[in-house]
Amino acid sequence: MCGIAGLFHPDVPKPVDPARIRVMAEILAHRGPDGSGVWTAPGVGFGHRRLSIIDLGGGAQPMLTPDGKVAITYNGEIYNFREVRTELLAKGHAFRTESDTEVILAAWREWGPDCLSRLHGMFAFALYDAAAETLFLARDRLGVKPLHYAELADGALIFASELKGLLAHPRFRRAVSPQAVEDYLAFGYVPDDACFVAGVRKLPAGHYMLVRRGRGVPAPTAWWDVDFSNPIKGKPDVLAEELTALMRDAVRSRMVADVPLGAFLSGGVDSSAVVALMAEASRGAVETCSIGFDQANHDETRYARLVAERFATRHRARVVAADDFSLIDTLADAFDEPFADASALATYRVSELARERVTVALSGDGADEAFAGYRRYRLFANEEQARGLLPGPVRGALGRLGDLYPKLDWAPRFLRARTTLQALGKSSGEAYAEAVGVTPPALRARLYTDNFRAVLQGHRAEDRYVKAMEAAPARDGLSRAQYADIKIWLPGDILTKVDRTSMAVSLEAREPLLDHRLVEFAARLPANMRLRGGSGKWLMKRALDRYLPDEILHRPKMGFVTPISAWFRGPLAGEAAAVARSPALAELAWFDQAAIARLAADHRAGKSDHGRLLWQLLMLDKSLQRLFGLGASSGYMAAAK
């Protein structure tokens, strides 16, 4: 795992200052503490920070072909690089190292952009071909590894693994994107098709961009997608065997490393499955670690310990206080953009614990999206069934009834009908977009000033989910929702969280359950083999029955739960009041601070629960201060203010 940065002049090959490339790369040193390199040529410059994992002595970057005509700076791992290397050797290619980096160089020379389909792994890289005068930027299928890019005023294209790499360039102008602020308030993260800093873009997952000198900067090209529209037929037991084989291969391929390797173990189905398959493939004990909380209703360490004992792992657990909010500033610095998934606190702590003994850790991320593990999928599937049975006028009436129904957060679940009634009154896409959101449109509208509504120019965060579901290659509502999550939620929230928190402590995290062959297999399953009888991941749990006890397979899903609502009524009550008086938000002039003050007061008094929204606003305030200096000086710009 590494950090990459660089610059390309697409018009004419102007000189590139190596010092500027070095500054862009050095700010990413946390991603690669083991080495650094800079390479420049007329019109192009690459920087690299290395975390050594494979071929510790021979994989230095940027790397060039022997003739010096093709250069690469690369972040990630190619898990099948040895197989691709063997194929390339048979075609006459020679290799000087044992690294996967050199394999990508040779694959480019042999197949050009089509080389991507042969690479199994997580990656983001930039490749310069001097003979063709082209820059090739590419990102892995599911967006495990990030890549940001922007154009400077002089036409230069700059890129970096993280936003801070771009901001290190002295000619980059900073401006707040109003559309990204709306997106962030809706979802709690800035999606991959947006950026908090205006003018910055993220190369989408499963896309590449081929920039030819003299032809400007083109739109990215999709090179992979997942298709839910062609379900396969088969007996459950046969499909479960096929799934087990795919999971086993995905885990084993991610255990290749020349450094110590271990796994995160929460005690949930997914991380337990990864550990079980690692133990099956290992000669020695697997290194595992988990984080627990000092409040029983937030703690899963008992389940993690049960799995660790079952597979005789070398397990370590660390208990942290449920009010462990001391990381707020650390996380604000790690993410650059505002990021309000509070489970990032626990993910950072477990990464920190893992890094004490290992350099690579396998995680269980991705199975919920691929195999329909989230509770929201069950609720949405039930709503979809109701939509199919009820006439449009009846659904409209139910939606209007929902608007009148009181919001009963404190009541037993069966009495909380407001959200369901409102959802039935909406289209599938509209309902699901709000279901995955954090702050609904009506509540956001209460916070916005007229000025902000004007600069948004009609932009609405939920529209991207509606469009994704409408365009999904799928036959049913559940599959359309999963497709949208794989395209939006997965790279924007889950993978961003794991990448930034693990890289902040120089740990490489690998996600075997996001092997693209596994995801493609899950997409081909009939919907009732992903979700059945109210249980998500139905076939996956059936396949894992030989490995894991019922206590693990069928217990309620918990995840990393962080008690942020309680924080804002206790130790962070002062922060709740302060965010309403935030100089940064005042200077931006997009928020009604009196409305925020009322929300904060109602929350502290226990009249309503706005904990997640207050957390969002706190992290937004931190990012505005750090990236734009808002609240401290007037040296910033708000796009279209």
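Me: What makes strands β8 and β9 partners?
Reply: In this predicted model, strand β8 (residues 148-151) and strand β9 (residues 157-160) run antiparallel and are joined by 4 bridges. Pairing asks for at least two bridges, so these strands count as paired.

Me: Which strands form the open sheet, and in what order?
Reply: The sheet has 6 strands, in the order β2-β3-β1-β9-β8-β10, with antiparallel pairing.

Me: Why are β2 and β10 said to stand at the edges?
Reply: β2 (35-41) and β10 (201-202) each have a single partner strand, so one side of each has no neighbour in the sheet.

Me: What makes helix α1 a helix that packs on the sheet?
Reply: Helix α1 (residues 18-26) touches β1 (2-8), β2, β3 (44-50) and β9. Its direction makes about 35° with that of β3.

Me: Let's turn to another strand. Why is β6 called largely enclosed?
Reply: Buried means under 20% relative accessible area. In strand β6 (residues 121-129), 9 of the 9 residues are buried, so the rest of the structure largely encloses this strand.

Me: How do you know that both faces of β6 are covered?
Reply: Check each side in turn. On one side, Gly-121, Phe-123, Phe-125, Leu-127 and Asp-129 are buried. On the other, Met-122, Ala-124, Ala-126 and Tyr-128 are buried too.

Me: Which strand pairs with β6 over 9 bridges?
Reply: That is strand β5 (residues 70-78), in the antiparallel sense. As one example, Glu-77 stands opposite Met-122 in β6.

Me: What joins β6 to β7?
Reply: Strand β7 (residues 134-139) runs antiparallel to β6, and 6 bridges join them. Phe-125 has Ala-138 in β7 as its bridge partner. Their hairpin has 4 residues between the strands, and there Glu-133 takes a positive phi near 50°.

Me: Why is Ser-177 called buried?
Reply: Its relative accessible area is 9%. The cut-off is under 20%, so Ser-177 counts as buried. You will find Ser-177 in the loop between α4 (163-167) and α5 (178-187).

Me: How do you know that the radius of gyration agrees with a compact globule?
Reply: For 641 residues, a compact globule would have a value near 26 Å; the protein chain has 24 Å, so the two agree. Its C-alpha trace spans about 70 × 60 × 50 Å along the principal axes.

Me: How many helices and strands are in the protein chain?
Reply: There are 29 helices and 19 strands. Buried residues make up 59% of the 641 residues.

Methods
Residues are numbered from 1 along each chain as its sequence is written. This is a predicted model: local features need pLDDT of at least 70, side-chain atom pairs count only at pLDDT 80 or more; totals for chains, interfaces and linings use all residues. Side-chain values use heavy atoms; hydrogens and water are left out. Helices (H or I, at least four residues) and strands (E, at least two) are DSSP runs, numbered from the N terminus. Contact means heavy atoms within 4.5 Å. Axes are lines fitted to C-alpha atoms, for helices over the stretch in contact, and angles run from 0 to 180 degrees between N-to-C directions. Buried means under 20% relative accessible area, exposed over 50%, partly exposed in between (1.4 Å probe, protein chains only). The radius of gyration is taken over C-alpha atoms; the globule rule is 2.2 Å times the number of residues to the power 0.38.
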